[in-house]
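User: I am new to this structure and would like a short tour. Could we begin with the terms and then go through some residues?

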Amino acid sequence: MAAGAGLLLVLSNGPVLRFAGLLDRPGLWNDTAVWPFFAAAAGASAVLAWAIWRPDGEGTGRARWDDPGDRTAAGAALSRAALAAIAWYSAVAVASSLWSVYPSATLWRSVVYLGLTLLAVALAGFTDDELSTTLVTLASVAVAGSLVLVVLQHDVGTDRDGNWIGIYTNRNSLAPLAALGVIGGLRWLLPTAMSVSRYRRVWGAALVAASLVTLIGAGSRTAWLALAAALALASALGAAVGVSRSRNWRPWQTCAAAAGGGAVAVGGCAAVVAAAWDVSTFSQRRTIWSLVWDRVLERPWGGYGFFAFWEVPELVAEHVLLERGSAHNSLVETALGLGVVGTVPFVILVVLATVNAGRGLWLRPSPDTGMWVAVAVFVLVENVTESFVLWFSHIWVLLLAAALRRPTSVAES
């Protein structure tokens, strides 16, 4: 759990880039003060994945992913479809160095990216309780470190507009960690079949409070929207499953109730988006999507190469918004970098993350599976407004883990 949280913290980027700033380095992806951290994280992720899934004396691992009927302590098995989609996406990312507009950057970044997929494989093998503990640990370190920096070095912990950035480089990097802190803290506050220590509940309450304060200070609208959607959908689906089981509803009745609750939650979030549609945060993103889509149509099949388009000054000089270095949408970003051949596995992974998280709540309704639904929804919504698929990102790792984690019908023993 400590290793998982530590690797996710490195992949949240902010601490590493802040460290480079202390050394008066620019903090670019190919900077020698930056890339060794991500390369080391990739290697450590491979070791962690092996430690979680290594074969035991009988030739089986901690959880058997090759047996659909497997019953494991983790309560989940690896999805073959997700493994295939990740392998497809990863192969295209590495191969794109052959046609990339910046081949050297694409090659090393896509190779390091393979380590992120292995971290997702490791997280998919965690038990329910290990996942919540990993999430709480990650958010606690990020939020506490940021609050300390804001209090002790206010000028360093805020941007030029007064928004809190803490140990990160911008508010949109800090806010998602705070939102995950709210989700993880709420999980530790909820009762479970297992005895929960008062220590955990106190920690959970403190984390929720600190995370909400951090969210307010950061002022990121996209993180608030993603958090609201996550909590609303998880609550609606959880309520539908709970009522259906207590009243012995038929499957179609449960699906109808879940669809109705989900529709209400989605409708509420859509109303919020509509109300803020003309706010600069969203209007600028719409402009960026339009500009990037024009570039996508110029190279629709293979794209410009993984993680390459934004490194070529001639390509981003067309508009000032392109100089921000991101499409601010993971689907558009994938189409830009990898074209159709990379977009197909991306869509498959999104579908699998949604289906597997919902199926886990249905098979084993609990605060743990409810938390995982909230996490899955949160990272999916975040990828609508940010290009987390582009960077060495903890958000992308969590989405891959949600796609990989195929639930079983037996709770962890």
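Analyst: Helices (H or I, at least four residues) and strands (E, at least two) are DSSP runs, numbered from the N terminus. This is a predicted model, in which local features need pLDDT of at least 70 and side-chain atom pairs count only at pLDDT 80 or more, while totals for chains, interfaces and linings use all residues. Residues are numbered from 1 along each chain as its sequence is written, and side-chain values use heavy atoms, with hydrogens and water left out.

User: Where is T106, and is it buried or exposed?

Analyst: T106 belongs to helix 5 (residues 103-124). T106 is buried, at a relative accessible area of 0%; buried means under 20% relative accessible area, exposed over 50%, and partly exposed in between (1.4 Å probe, protein chains only).

User: Which side chain makes a polar contact with the side chain of T106?

Analyst: That of S100, at 2.7 Å. A polar contact is a pair of N or O atoms within 3.5 Å; within protein, one must be able to donate a hydrogen and the other to accept it, and residues adjacent in sequence count only if both atoms are side-chain atoms.

User: What about E318, where does it lie?

Analyst: E318 is in the loop between helix 13 (313-316) and helix 14 (330-363). E318 is partly exposed, with a relative accessible area of 48%.

User: Which residues does E318 touch, apart from those up to four places away in sequence?

Analyst: It touches L291 and R295, where contact means heavy atoms within 4.5 Å. The side chains of E318 and R295 are joined by a polar contact of 2.6 Å. E318 and L291 are 27 residues apart along the chain, and their C-alpha atoms are separated by 9.0 Å.

User: Next, A85. How far is it from P345?

Analyst: The C-alpha atoms are 5.0 Å apart, although 260 residues separate A85 and P345 in sequence. A85 sits in helix 4 (residues 80-95) and is buried, with a relative accessible area of 2%. Beyond its neighbours within four places in sequence, A85 is in contact with P345, I348 and L349.

User: How many residues are in the largest nonpolar core?

Analyst: It has 111 residues, and those with the most contacts inside it are L123, V292, W310, W372 and F378. Helix 15 (residues 367-385) supplies the largest share of this core, 11 residues. A nonpolar core is a set of buried Ala, Val, Leu, Ile, Met, Phe, Trp, Tyr and Cys residues joined through side-chain atoms within 4.5 Å.

User: And how many aromatic pairs are there?

Analyst: The structure holds 15 aromatic pairs. In the pair of F19 and F37, the ring centres are 5.4 Å apart and the planes stand at 70 degrees, so the pair is edge-to-face. Rings of Phe, Tyr and Trp (its six-membered ring) pair if their centres lie within 6.5 Å; planes under 30 degrees apart count as stacked, over 60 as edge-to-face and the rest as tilted.

User: Which helices hold F19 and F37?

Analyst: F19 is in helix 2 (residues 14-22) and F37 is in helix 3 (residues 35-53). F19 is partly exposed at 36% relative accessibility, and F37 is partly exposed with a relative accessible area of 34%.
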